[in-house]
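Here is a short report on one protein model. It covers helix packing, aromatic pairs, cores and backbone geometry.

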Amino acid sequence: MPIHLQELTDTYLTEYEAVFIGKEVKAVSRLPTGILQLDAILLGGLPRKHLTEVYGMTSSGRTSLALQLIKETQRQGHTCLYIDTEHSFDASYAEKIGINTSNLLVHFPLIADQIVSTIPEIVKDAHIDLVIIDTICGALPKSELERDLDKSNRSVAGPFWVQEVPKLLLAARKHDFGLVVINQVRDHIGTTSKIPTNIASIASNASLQLQLSSVKTITNEGINLGQRILVDIKKNLLGPKIEKAEVDLFYGTGFSVESNLIEMAIVYGVLERRGSWFAFNRNNIAQGKPALIKLLRDDPDLFQSLYDTCSLISKY
């Protein structure tokens, strides 16, 4: 690197904390979701230092995906901050699906101002790898709660987030954590479509947008066991833009990473179907998909071996 460029780099590193790397390109660091098909599409998972928006209708699996992200991030040895604006976090359920609640920071803000003040303070004092806001519409700014409705009927929540979302994104880039915002949808006036709320402030700053929707009910002998969730990538500045993944979401246990792994392993040829049996490395290991799901849950080594083999094939 030329001396004058090195001096310029040193100056910016000191004054602005920017990084100049010349002709080298650093790969984006990612946080795996644990869902093989989704990780393959996203080239390894959700990006650090970027904003990911997850939105969908009620009961489309948004919070379940947030909990899955926390579970996998903890499994990787990292720390998470979960901001619950709806004050509905169930610690017993979280522990049931595999989340270590003793190693999870949970914040229950009363107003939106507490969100934007709390995140920078926490990430400054503690190493946080993933921050999830669930949902961003669940807390109103103080100015919105105190405004006089007789004088103005224009909401100030939108302009508030226009100013504050870039600040949160700046904190994510400075402290190297992934920022995930769970959002709701509303009717698009004049059409039959649904769009996420605060779309101007969040969508414009998001590098990744995931839309969740239920496409099928999973039943057994007339009993509803869960839903088939479609994860539709609406925006992706860091990878394939138009991709979709389908994942099983079971009531009481969350997203089934085992079911998705089985499906992808069959596609990749890692698992072989022999009638009702499944074979791995030419050996029958389980009869029927429910039995194989249970086996993978009970045998972490087998799950990891299957996952690693499929990951190599997916090349992420």
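Which residues in helix 10 meet which residues in helix 11? Leu295, Leu296 and Asp298 in helix 10 meet Pro300, Leu302, Phe303 and Leu306 in helix 11. Contact means heavy atoms within 4.5 Å.

## Basis

The model is predicted: local features need pLDDT of at least 70, side-chain atom pairs count only at pLDDT 80 or more, and totals for chains, interfaces and linings use all residues. Residues are numbered from 1 along each chain as its sequence is written, and side-chain values use heavy atoms, with hydrogens and water left out.

## Helix packing

Helix 10 spans residues 289-298 and helix 11 spans residues 300-314. Helices (H or I, at least four residues) and strands (E, at least two) are DSSP runs, numbered from the N terminus. The two helix axes come within 5 Å and cross at roughly 105°. That makes helix 10 roughly perpendicular to helix 11 (65 to 115 degrees). Axes are lines fitted to C-alpha atoms over the stretch in contact, and angles run from 0 to 180 degrees between N-to-C directions.

The contact residues divide into 6 nonpolar, no polar and 1 charged. Here Ala, Val, Leu, Ile, Met, Phe, Trp, Tyr, Cys and Pro count as nonpolar, Asp, Glu, Lys and Arg as charged, and the others, Gly among them, as polar.

## Aromatic pairs

The structure holds 3 aromatic pairs (ring centres within 6.5 Å, using the six-membered ring of Trp; planes under 30 degrees apart are stacked, over 60 edge-to-face, the rest tilted). The rings of Phe160 and Trp161 have centres 5.1 Å apart and planes at 80°, so this pair is edge-to-face. Phe303 and Tyr307 are stacked, at 6.0 Å centre to centre and 25° between the planes. Both lie in helix 11, 4 residues apart, about one turn of the helix.

Phe160 is buried at 10% relative accessible area, and Trp161 is buried at 1%. Buried means under 20%, exposed over 50%, partly exposed in between (1.4 Å probe, protein chains only).

## Nonpolar cores

The largest nonpolar core has 51 residues. Ile132 and Leu210 have the most contacts inside it. A second, separate core of 25 residues includes Ile115 and Ala206. A core is a set of buried Ala, Val, Leu, Ile, Met, Phe, Trp, Tyr and Cys residues joined through side-chain atoms within 4.5 Å.

## Backbone geometry

The peptide bond from Asp134 to Thr135 is cis, with omega near -10°. Ser59 has phi near 65°, a positive value in a residue other than glycine. Ser59 is exposed at 52% relative accessibility.

Notes
Parallel < 35°, antiparallel > 145°, perpendicular 65-115°, else oblique.
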